[in-house]
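Dear colleague,

I am handing over the structure below, and I would be grateful if you could look through it alongside my notes.

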Amino acid sequence: MYSKDKHEYYRSVMLDRAENLLHDHYGGRDYWNTRRSMVFAKHLRVVGDEFRRKYLHSTDEADRTDYNEDWTQMKVKLGTAVGGPYLGVHLRRKDFIWGHREDVPSLHGAVKKIRSLMEKHKLKRVFIATDAIVEETEELKKLLPEMVRFEPTWEELELYKDGGIAIIDQWICAHARYFTGTSVSTFSFRIHEEREILGFDPKTTYNRFCGEKERNCEQPTHWKIVY
């Protein structure tokens, strides 16, 4: 790209909130072609993969989640990926507690749902990505000793920043045997998409926590998409 003002050539363009450009075409061919090209940075994937191997007994070979660096070659059938022997969870807190209170359970409600899923799918570990405050995180640890989190060192936080840590969390969640996220959360949406790209069965992917006052807790897996 050529800039007339500074008489310079630019090789890259940054689009803030680029997903907004895709919303009118969500689910279509152009959407997925664009989304597949938006791959996570390799050095962040490596950190996530090492964490999976070390703490969650999860590897691409065992989980059937082989990854091709060339996104155009990532053509897998849904249902071929198995995932690591752990439950992946995205539990949104902070502003969602009051902004989307009808969609967010209490900590005790979330733990009850997590334990139910772990028992159903015979999983002994749960990886949780959350923006919960320190007090809530400590409460989660007490209620759920099986919980595993990626807790960066000060050096890692300085190196990867909050955005990089979020990607590592998403990458680990994307490789879980089963995933459940938070309704209307962009963070969860990106995990859903990554799992679809990796070849996971939608039934193990498109799931969400429910608000404790919801009478009919419909899951995205059961939604009918009309093109």
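This is a predicted model: local features need pLDDT of at least 70, side-chain atom pairs count only at pLDDT 80 or more; totals for chains, interfaces and linings use all residues.

Residues are numbered from 1 along each chain as its sequence is written, and side-chain values use heavy atoms, with hydrogens and water left out.

Helices (H or I, at least four residues) and strands (E, at least two) are DSSP runs numbered from the N terminus, and two strands count as paired if DSSP finds at least two bridges between them. On that basis, four strands form an open sheet with parallel pairing, in the order β5-β4-β3-β6, and its edge strands, β5 (147-148) and β6 (176-180), each pair on one side only. Strand β3 (residues 84-91) is joined to the parallel strand β4 (residues 126-130) by five bridges, and Thr130 of β4 is the bridge partner of Leu91.

Thr180 lies in strand β6 and counts as buried (under 20% relative accessible area, with exposed over 50% and partly exposed in between, for a 1.4 Å probe and protein chains only), because its relative accessibility is 1%. Its contacts (heavy atoms within 4.5 Å), leaving aside residues up to four places away in sequence, include Gly88, Val89 and His90.

Thr65, in the loop between α3 (60-63) and β3, is buried as well, with a relative accessible area of 1%. Leaving aside residues up to four places away in sequence, Thr65 touches residues including Arg52, His175 and Phe200.

Best regards
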